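I opened the model to look at how its chains are built. These are my notes, in the order I took them.

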Amino acid sequence: MSAEVENARPDAGGRPDAGERPRAGDSRAARLSGTGRPWWSALVVVIALVVSVPVVSVLVQALASAGDLALPGNLGEMVVTTVALLALVGLGTSVLGVGLAWLVTAYDFPGRRLFSWMLVLPLAMPAYVLGFLFLSTFGPAGGPAHASRSVFGGSSVVELLSGWMGAPVVLSLTLYPYVYLLARAAFRGQGQVTWDAARMLGATPWRAFRQVLLPLARPALAGGLAVVMMETLTDFATVQYFGVRTVSVGVYLTWKGTFDFASAAQLSVLVLAFAVMVLTGERLLRGGARYDARGSHRPPASPTVLTGAGRWWAFAAAASVLAAGFVLPVLQLLWWAVTATLADSSSLSTGRFATNLTNSAVMAALAALACVTLALLVTHGVRMTGGRLARTAAQLTTFGYAVPGAVIGIGVLVSFAALDRSLEALGVPGGTGLVVTGSVIGLLASYVVRFLAPAYQAVDASFATISPSVTNSAFSLGASPLRVLRRVHLPLSRSGIAVALVLVAVDAVKELPLVLLLRPFGFTTVSVWVYELANENFWEQAALPALLIVALAIIPVWFLVRQVRLAEPHRQVTS
Amino acid sequence: MSSAVTLRGVSKSYGETLAVSALDLTVEQGEIVALIGPSGCGKSTLLRLVAGLERPDAGTVAVGDRVVAGAEWVPPERRRVGLVFQEHALFPHLSVGDNIRFGLDRQPPPDQDARVREVLDLVHLAHVVDRYPHELSGGEQQRVALARALAPRPEVVLLDEPFSSLDESLRARVRADTVSALRATGTTAILVTHDQTEALSIGDHIGVMRAGVVEQWGRPVEVFERPVSRFVASFMGDADFLPASLVDGGLACELGLVTIRKDVPDAEVVVRPHEVSLRLPAAGVTGAPAVVDRVEYQGPFILHTVRLASGRTVRSWQPHSVRYPVGTEVLASISAGIVPSLLSGDAALAPTPTPTPTAHPDR
């Protein structure tokens, strides 16, 4: 989730034409060893290739079966739905994200400091949890619908929130923090100087915002929106609550309905095309603009102090979003969890809770270990070789985060099936396909593809703090690459490794679409359990596992908040 | 004496930039060599080539008798080459003792302990063995880094601007300690610096580098007093250049006759501030008339810049008791006994057998 924020880090690979003057960490002498250790280069390249196998096999499978298109009849409808959903979620997250970011940056009102980080919290609320809360609240049986029916008679806009409208609203409420974080960083980065300059030239606050700050925040906005769109494309669980059929839903239903690789792969390529469009859109919106986003030496703009009713309107705006996206849902979940447990205290001790929790925990632990091990090998490998090939390959290992879950899922299935077939062809008996595809190994593989990026970024950030001359010193003292890893790099990047483990584990527990697609029969994780209970309207029983997921998901959000706060120019800047 | 490090025809470029160009260099066993040059001259690249942190595009590098780059490739960890960085690069998670022990892992533990004590004694830091790098001062860190590099008894120790991160006041002291530790162990060392005083004071040999080649290689005295080029002359210390032309007695510049040789039609004379004397006009005092243009107090010396009749300026160091006010008319000349270098174009003219400056007007 910190992908975009991390990407703001300037490329650390200094070019050799930089001077030789002593400049900390930047001098030639501090550059990485560029002597090429072919084994390490090869290792990084192999990892990158393995990670990209699922996407490649989706493409190959789709191409191979391109002769007989087996797309569902309602394809056009699905495409239109996907476009509409992306547009609405994009609009919703932009309005919420930019609006709130501007509010807490430019204006002072009661609770501003607290809101400025609390508004990130909805990121910890998985859409499939907020989704079923919307269903229960605004559905026909819910209080608001009841009230509005008795007031207005008939169905109303309230009921729309449990219908198709629920999908974009829920996704916007859970995803806007991506836009919010980047927009706020951009607004703060531009600081007082830009703002003052615009105002001194006679612009009203609104005009200064619209014509100066907003264009300057455009690259950040593009980045945030791209993440939002990717998450929207990946989701095929939440939208199903609301009867919304996107292309990703199509992939899932096609696979579960027909178990036909060809049509699932063909639809996956369509999803992939959407993802490519989103990324291209981001490039275009960014427009090659590279505004100085560092600005850390500039004092942040001092906010306008709101007075009178204005301050309470501002408060209400921030508070209502936070309430809708996080506070009320958590309270509702708590209430349900307590009442359900009191009503039937045996629910906690029933086998299902323990089993599902164990499944989630084991999967999360395995995924975290696998991702961090690979991330560590890649990062260390890049430092061992210092070559461009290894660096490019390392970047490639992170692309799974930008591939919608449905594509990864189908890709893993396709590639494992191909593996099975070739094993069978080689005379290995029992390669029935289901042995591998129906096992948790497939699920684990998809986790690795998807979550290698956050693991790599955390470990890489930690490695960036280890001076290349420390590595070179270790070499000059006769240490082999493995000994450098064990005795120097590993202990020095401990904190990054810990962060990576936590991030991946939490992401894995939260993950729903991949599990739905790839789980072996009868294998249920906590997230799937919540989804299944919610789908059957057992909301009270879904509350406790859902709370567990939310509680875990707060951890990476906390990391993110802390990271952002550390990276931000601080208030005590003397001017 | 056998050589400790030998480079033959070594080239290395980064993309378009040629960092080191067909370079030859031989460092003898036990000597301390200083490489000096401006930014981007390739001196650090040369160090990295010896360390094995870069692979040469062409040429061979040998450490001792062993070729380590060229026909064969020996990675840095198997070269027996010690490295000391400007930022010291101690392992922050290891104590001083463990930092030093890091390079001794192939020896039995008792030997390791003995060696740790030995090298720490060498740099007078036996008392910090259990401390961590962040608990040490910059000077102490530098000495620990040296001890760590010396511990595995490398063939050669490479030092990359090792003192430039230290305070001015600390630098001379740490530098002296470093040199004495290197001398005490007879270790061959190559030191990269951009500080001419440092290079002149500690190098047995100095290599002045420019644009990827060693422009001059020699003992400090040679490099300073007989620069082979205009670049070396101006880089190693301050220098002014005055045109010289043929006169009856030989070759003369505005400050007077500089050589009796007559084989060069025109040349330039290199004069350094300490070679120019200024005296007040008086009977029997000779010299070129000049006016004091600027006076700079430099502590032990006072730097006078004087303008000659031609409009050229020449700098002169005067003892700090002598200070001529701006505008004073003085007579400038080359100090007695000084044999200035001559340049033809950008290259120095080979010195002639004992030229006699200023004297013998009648010949």
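**Chain B, overall**

The model is a predicted one, in which local features need pLDDT of at least 70, side-chain atom pairs count only at pLDDT 80 or more, and totals for chains, interfaces and linings use all residues. Residues are numbered from 1 along each chain as its sequence is written, while chains are lettered from A and ligands numbered from 1 in the order in which they are written.

The contact between them takes five residues from domain 1 of chain B and six residues from domain 2 of chain B; two residues are in contact if their C-beta atoms, placed from the backbone, lie within 7 Å. I sorted the domain 1 side of chain B that touches domain 2 and got two nonpolar, one polar and two charged residues. For that sorting, Ala, Val, Leu, Ile, Met, Phe, Trp, Tyr, Cys and Pro count as nonpolar, Asp, Glu, Lys and Arg as charged, and the others, Gly among them, as polar.

I counted eight helices and 21 strands in chain B. Helices (H or I, at least four residues) and strands (E, at least two) are DSSP runs, numbered from the N terminus. The C-alpha atoms of chain B fill a box of roughly 80 × 45 × 40 Å along the principal axes. Of the 363 residues in chain B, 45% are buried. A residue is buried if 20 or more other C-beta atoms lie within 10 Å of its own, exposed if 12 or fewer, and partly exposed in between, with C-beta atoms placed from the backbone. Among contacts in chain B with a separation of 6 or more, 64% join residues 24 or more positions apart.

I checked the record as well: an unreviewed UniProt entry annotates residues 5–236 of chain B as "domain: ABC transporter". UniProt positions are given in the numbering used here, feature names are shortened, and annotations may be inferred rather than shown by experiment. Residues 5–236 of chain B are 34% helix and 28% strand, with end C-alpha atoms 25 Å apart.

The expected span is 1.5 Å times one less than the number of residues. I listed B:Gln112, B:Arg115, B:Val116, B:Val119, B:Leu120 and B:Leu122 as the buried residues of helix 3. Seen down the axis, the buried residues of helix 3 of chain B fall within an arc of 150°, so they line one face of the helix; the arc is that of the directions from the helix axis to the C-beta atoms. On the other side of helix 3, B:Pro110, B:Ala114 and B:Asp121 are exposed. The cover over the buried residues of helix 3 of chain B includes helix 2 (96–101), helix 4 (138–150) and helix 5 (168–185). Just after helix 3, B:His124 has a positive phi of about 55°.

I went on to helix 5 of chain B, whose 18 residues should span 26 Å at 1.5 Å a residue; its end C-alpha atoms are 26 Å apart, which agrees. Here B:Arg171, B:Val174, B:Arg175, B:Thr178, B:Ala181 and B:Leu182 are buried. The buried residues of helix 5 of chain B fall within an arc of 130° seen down the axis, so they line one face. B:Ser169, B:Arg173, B:Ala176 and B:Ala184 are exposed on the other side of helix 5. Just after helix 5 of chain B, B:Gly186 takes a positive phi of about 65°.

**Chain A**

I counted 26 helices and two strands in chain A, and 49% of its 575 residues are buried. Nine of the nine residues of helix 21 (residues 468–476) of chain A are buried, so it is largely enclosed by the rest of the structure. Helix 21 of chain A is followed by A:Gly478, with a positive phi near 90°.

I ended on A:Val412, found in helix 18 (residues 405–425) of chain A. A:Val412 is buried, with 30 other C-beta atoms within 10 Å. A:Val412 and A:Ser446 are 34 residues apart in sequence and 6.3 Å apart in space, C-alpha to C-alpha.
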